[in-house]
Amino acid sequence: MQTRLFAAPSPHIHGAERTQQIMGDVVLALVPALAVSVYVLGWRVLMISAIAIASCMLFEYLIQRFLLKGRTTIGDLSAVVTGLLLAFNLPAGIPWWIVVIGALVAIGIGKMTFGGLGCNPFNPALTGRIFLLIAYPVQMTDWTTAVPDAISGSTMLANVKAGAVALSEVDYLTLLGGHMNGSMGEIGALALILGGVYLLWRGVISWHIPVAVLGTMALFGLCVAIPEGGATLWQLPLFHLLAGGALLGAIFMATDYSSSPMTHKGMIIYGVGIGIITMVIRLWGAYPEGMSFAIFIMNAVTPLINKYCRPKRFGTK
Amino acid sequence: MRTFPIGGIHPHDNKEWSKDKAIERLELPDQVAITMIQHIGAPSTPLVQKGDKVLTGQLIGQAVGFVSANIHSPISGTVTAVDGYANGQGQRRLMVVIKREGDEWVEGIDRSAEHKRECTLSSEEIIAKVKEAGIVGLGGAQFPTHVKLSIPDGMKAEVLIINGVECEPYLTSDYRNMLERAEELLTGVEILMRAVNVERAVIGVENNKPDAIAHLREVIARDNYRGIEVMPLKMRYPQGGEKQLIAAVTGRQVPPPPALPISVGAVVCNVSTTIAVYEAVQKNKPLIERVVTVTGKELKSTHNFLARFGTPVSTLLDIAGLPEGDNKLLNGGPMMGRCIVDLTAPLIKGCSGITVLSGKDAVRGQELSCIKCAKCVEACPMGLEPYLLSKLGKMQKWDAAEEHNAADCIECGCCSYTCPSYLPLVDYIRLAKQTVAANIRARAAANKK
C-alpha cells in the first residue's frame, strides 16, 4: 500500500475563514458605496479608485520584493482594501499624481514600515489621507472639479459649521441616498450602512466599534442640542451621523483589525473615544470634519486599551 | 437550551460517517502490546516476565502510588517480551507483549449478559473496585477514575455529571454506548452516585444526538432510575471539556487552576467510563476493552469496534481500508487527537476513536501573518488572548505568558481552528503552558524546602 503519514500537533481541521476571503468581503461591502459614487459623481470615481488600488498593490510588491527581499503578499488582497479606502477618502476631482503619492505614504509609511499586514499601529489608508490633507489642502478640499455644476465648493459639514446652511434646511433624504459634496466614498449613507450590515452578517466585524462610535456621536449631538431644543434635538444628531465621513469611518476605517482593540470592552472604549473626539473637532475645532483625526488619535491609544482591557478569564468574577 | 458561557466554535460534526454503525466485537488479536503508562500519573510496574502464562483479566501492571492505574491482560497467552517499543507517537515506552493462546479468563469475572442492577456496596468499596479494575477517563484524558471519585476532606459533591457530549467531530463511541448499552450506563450512574454520595446526576448530551437523548429518557422512565436527568445541550465545541460541561450544566465556573471541579461541587465522568465502572463493580471485570470508532471520509468502511487493548492499530485500519496517498491518523478526533505515526502501535485506554484525514485534509494550510482580527480571543472558551500567548510562547517569554494565564489553556484548539491566517496558535501556547506549569511546580517545590 502506497501511503504517506503526516504528523502535526492538534487541531487537525480548520474553519472556512481565510485572510484573503475577509479582505475580499470588505471590498465587496464597499461596492454599493462605490456604485452610488459613480452614479453621483461620474466615471472619474472608477479611475481614481483604480489608480489608488493599483498604486497600493504596486508599492507593496516593490517594497517587499526589492527593499525587504522577502515573500510578496499582495495576493492577500489587503492592499486592495487599503487602496479602495484611500480612494474613498479623496475628492473625485483630485489630480492622479496626488493619489499615487497618497498610496506611497499609505503603504510605504503606514503599513510596510511597521512590518506589513497586521503590524500597522495606524490605519494605512487614513495615514495616506491625513498626509495628503496636510500636504495638499487645496486639492483635498476642492469638491467642484469633477462636477462643474456642484452646488457649492464646500461639504455640508463645512456649510453648516459656517452657518451658510441651517440644520433645518438640510435635505436628509439626499444625505441618505447620495449627495455631491464630499469625498468619493462618504456620499451615500445608505450604501455604507448596507456594506456594514454585510460585514456584520459575514462576521468580518463585530457591532461594538460602529455602534460605539455612532452612538456616542448621536448622544453627544443630542446633549449639545438640548439648550436649543425643538427640531434641533433630532436634526443635529442625525446630521452628524449622515454627513461627512461618520459612517465610512465608523464602519470601515475604525474597524481596521490591527489598529483597533482586541476585546469587546476595548472596542467600546475605543469607539466612544472616536465619537467624542470627532464631535469636539466638528463642533468647536478648526476643521469641519474630525473623523480621520479621531480615528488616528484612538489608533494611538489602542495598545494601551489592549493592555488594560483583557477578556474575562474563565472562572473569575 | 444550555451551553457554556464564553468562546467556542461550530465545526461540522462529521458524525454521519460512523454514527449508524452498531458496535461490533473485533476478533481477538493474535498478539497484543500493553503499555505500562496508559494514564495520567506514575507508570505502572510490570508484574510479569518473559515466558509467564497470563489469563484474560489478570493484573500485569501494578499502579504506583495514588495517581496511577492498574493494567490487566486483555487476552490469555504467554508473555514474549517486556521491553521498550514505540507507541503511537513514536515514543519508546515500556510494554508487555503477549502472544495469544485461546481466551481463558481469570476466575470470578461475570461474563454473562445478565444485567445486574442492585448494588449495596459502600462508597469506599466501590472506589476500591474501580481502582482495582484500572479504570481511567475513557474520553481521552486517561485520568485515573478512583482519584476523581475520592472527594478530598472538607469538600462535598453536590451533583454527578455524566459526559455524553462527545463534542469532538467524527467520534461516535460514546453515542453508540448510549444507544446500545443504556441500561449498563444508567446502573453505572447509580453506582457512581453512591460512590460520591449525591442525590442528583445529570447526563449532558448535545442536541445533535436526539435519538440518544430520547432513548436514555425512555429507559430512565421505564426502569425507574431515580435522580438521573438527561440534559440536552446546545451543540458547540468544546462542550465536552470538563470545565465547559460543568458551566453548561450547573451555571457555575470552576475557578482557575489549581482549583478542581469539586470546588463547585461537581464530579464529571464520561459515558464509556461509567459503563466500565458498571462492569468493574457489578461484574468484577477489569478494564481490558473499549468501544473505539474507526472513521474517516476516505476509508472503505467505518466502524464502532469493541476491541481489546493492545490490538495493533494496523489491525483496525486493515479492516477499515486505509486509502492510498496522504493520510493523517489520529488517536482521537480532529480537534484534540494526537497523530499516530507508527501503525504497529497498540490501542490504548484513552483511544475513543481513530480518525483518518486523507489527501488535502491531512496537510496544514499555509501560515500567513497575524492580522489582529481578534477571532481567537472571541473563540477562546477560557477567556485567554491566544494571539498574545502564542507570540509570548514563540519568543520564550515565560514570565509574561504566566502573567497572561497560559496555564489555564485547555488546548481545545478553537483559536487555531478559527485563525484566518492559519497560525499554529495552540502549538506555541502548549509550549508556553508546559513551561509555565513546570515553573509553577518548581517554585512550589522550592517553597516547601
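Reply: Two strands pair if DSSP finds at least two bridges between them. The model is a predicted one. In chain B, 4 strands form an open sheet in the order β2-β8-β7-β4, with antiparallel pairing.

Me: How do you know that β2(B) and β8(B) are paired?

Reply: DSSP must find at least two bridges between two strands. β2(B) is joined to strand β8 (residues 92-100) of chain B by 5 bridges, and the strands run antiparallel. As one instance, B:V32 has B:I98 as its bridge partner in β8(B).

Me: What makes β2 and β4 of chain B edge strands?

Reply: β2 (31-35) and β4 (53-54) of chain B each have a single partner strand, so one side of each is left without a neighbour in the sheet.

Me: Which residues of α2(A) and α4(A) meet, and how do they divide by class?

Reply: From α2(A), the residues are A:I48, A:I51, A:A52, A:S55, A:C56, A:F59, A:E60 and A:I63; they meet A:W96, A:V99, A:V100, A:A103, A:L104, A:A106, A:I107 and A:G108 of α4(A). By class, this contact has 13 nonpolar, 2 polar and 1 charged residues.

Me: Why is helix α12 of chain A described as largely enclosed?

Reply: A residue is buried if 20 or more other C-beta atoms lie within 10 Å of its own. In helix α12 (residues 246-253) of chain A, 8 of the 8 residues are buried, so the helix is largely enclosed by the rest of the structure. Among these buried residues are A:L248, A:I251 and A:F252.

Me: How do you know that β1 of chain A pairs with β15(B)?

Reply: The test is again at least two bridges. Strand β1 (residues 3-5) of chain A is joined to β15(B) by 3 bridges, and the strands run parallel; the pairing therefore holds. Here A:R4 has B:D326 as its bridge partner in β15(B).

Me: How many residues does each chain bring to the contact?

Reply: Chain B contributes 53 residues and chain A contributes 34. On the side of chain B that touches chain A, β15(B) gives the largest share, 6 residues.

Notes: Residues numbered from 1 in each chain as written. Chains lettered and ligands numbered in written order. Predicted model: local features only at pLDDT ≥ 70, side-chain atom pairs only at ≥ 80, totals over all residues. Buried ≥ 20, exposed ≤ 12 C-beta atoms within 10 Å, placed from the backbone. Helix = DSSP H or I, 4+ residues; strand = E, 2+ residues; numbered from the N terminus. Contact = placed C-beta atoms within 7 Å. Nonpolar A, V, L, I, M, F, W, Y, C, P; charged D, E, K, R; others polar.
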